Amino acid sequence: MEVIMEQMPIVIRSLNIGFLQTLKLFFVTLAGALPLGLVIAFGSMSRFRPVSWLTRIVVWIVRGTPLMIQLLIIYYFPGLVLGNPIWGSGESGRFVAASVAFVFNYACYFSEIYRGGIQSVPVGQEEAGLVLGMTRSQIFFKVTLLQMIKRIVPPMSNEIITLVKDTSLARIIALQEIIWAGQAFLKGSQGISGEIWPLFFTALYYLVFSGVLTVLLGKLEQKLNYFR
Amino acid sequence: MPILEVEHLCKTFERTEVLKDISFSLEQGQVVSIIGSSGSGKTTLLRCLNFLERPDSGVIRVNGEVLLDAGNPSPEQEAQIRRKRLHFGLVFQSFNLFPQYTALENVMLAKELLAKEQPDYKARKNEIHEEIRVLAEELLRQMGLENRMGNYPHQLSGGQCQRVAIARALALKPDILCFDEPTSALDPELTGEVLRVIKELADQQTTMIIVTHEMAFARDVAHHVIFMDDGYILEQGTPEQVFGNTKEERTRQFLSRFNQGQ
């Protein structure tokens, strides 16, 4: 126990740095995947068949294969197969590659939730907008969008909490997120080696962060309760 | 000149002919009631007038201007259709109020969006907004909803919702206001308050087309009654002609239950 108390400050500092990278990946993924998901949702609902087919095939592939494989392919494929290592070899390159994989993967999941949300808004809402002389984009932004958001908050909360923990998959391309930081003390880092407790300790970070998100998303759900 | 002329309107869904050679006209300030059993094409007719469906053939004229000549295949731009729609208003059976807006906001929304297209919008923004609010409040008062303006649709009864929907349609000052079974989703008590409001509009010479299953109301409020059956206009004329001196056997059959109740 005493040993752990001595190691604690060093470990916490390392884990904090790793967790910062985890948070960065989390927010970049959200910022990219939330809007991109909408674009993909519109693609899959397109009345122009080739577009909707193509989009649905892409969504099928992305949702049908492990994110870990996608990370490996996106990170290694350009360098090892094409001989053009576009991501570079440093931490920033790994971060960009991981962001691309996460944004694309999550956008595909979000798109299906969006599609469900949009299609669950009664068609009468659009028709009411049309007969009132509104344009289709006015109808989407002024009428449909908020009703869709209200409907998708619970399933989106689920995905967002999953994302918090999925960021750990970026460990596979050695992104220095919190799992990587915890594992370092197993192999040996800053005079500490053979210690597994830092790795176990990382769970607490995820737990606290997803707790905070649960509360915030619950607040959003409540806020949208003013209408039905 | 009639405000509305509909000539030889036809509409087919898949292989079902829903409207077959529909022709009628309507004078300014008058009310036409359309009656008939479910599936006879009444709703589709209103949807064609409001450009929610495109007829396969036929002509629609408002104030002499050809709004739609379905035989003319020139593709219409979305923006043009949008302009044309504004000649008509439509009140739906299921109200279709926007749930995230209050009664007042529901009435104001479309008008405000349209105002943004005015050239002087930027300069007179606050003034225009105020004008629209005053108009919307006035309409809601007229509908007997002065105490309900700040309520959201889910806080209102069905009858109140439908009256908000009527105010919302009136806010755009359509030439012709259409009702698609406006009381079919309401219980008898709430039906009365909505029909009263429509009757008041008729007394103020609002030009209206009312699809309804309320036979007594159709007879009392209308200047002209159309009976539709299987996509055709089987019989039309004054309420006295259609209800009193029914010519067609099918119409008599349809009206028999109603007449027994009288």
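This is a predicted model: local features need pLDDT of at least 70, side-chain atom pairs count only at pLDDT 80 or more; totals for chains, interfaces and linings use all residues.
Local features require pLDDT of at least 70 and side-chain atom pairs pLDDT 80 or more, whereas totals for chains, interfaces and linings use all residues. Residues are numbered from 1 along each chain as its sequence is written, and side-chain values use heavy atoms, without hydrogens and water.

In chain A, a nonpolar surface patch comprises Ile69(A), Ile73(A), Tyr76(A), Phe77(A), Leu80(A), Val81(A) and Leu82(A), which together have about 710 Å² of accessible area. Areas follow the Shrake-Rupley method with a 1.4 Å probe. Leu80(A) lies in helix H3 (residues 67-81) of chain A; helices are DSSP runs of at least four residues and strands of at least two. With a relative accessible area of 68%, Leu80(A) is exposed (exposed, over 50%; buried, under 20%; partly exposed, in between).

Zero disulfides (cysteine sulfur atoms within 2.5 Å) are found over all chains. Cys178(B) is in no disulfide, the nearest cysteine sulfur, that of Cys48(B), being 11 Å away. Cys178(B) is buried at 0% relative accessible area, and Cys161(B) is buried at 7%.

In chain B, six strands form an open sheet of mixed pairing, ordered S6-S7-S8-S3-S9-S10; strands pair if DSSP finds at least two bridges between them. Strands S6 (88-91) and S10 (232-237) stand at the edges, each with a single partner strand, so one side of each lacks a neighbour in the sheet. Strands S7 (residues 176-180) and S8 (residues 208-211) of chain B pair in the parallel sense over four bridges, and Leu177(B) has Met208(B) in S8(B) as its bridge partner.

Note on methods:
Chains are lettered from A and ligands numbered from 1 in the order in which they are written. Patches are made of residues with over 30% relative accessible area and no salt bridge: like charges are joined within 9 Å, nonpolar side chains (Val, Leu, Ile, Met, Phe, Trp, Tyr) within 5 Å. A salt bridge is a side-chain nitrogen of Lys or Arg within 4 Å of a carboxyl oxygen of Asp or Glu. Buried means under 20% relative accessible area, exposed over 50%, partly exposed in between (1.4 Å probe, protein chains only).
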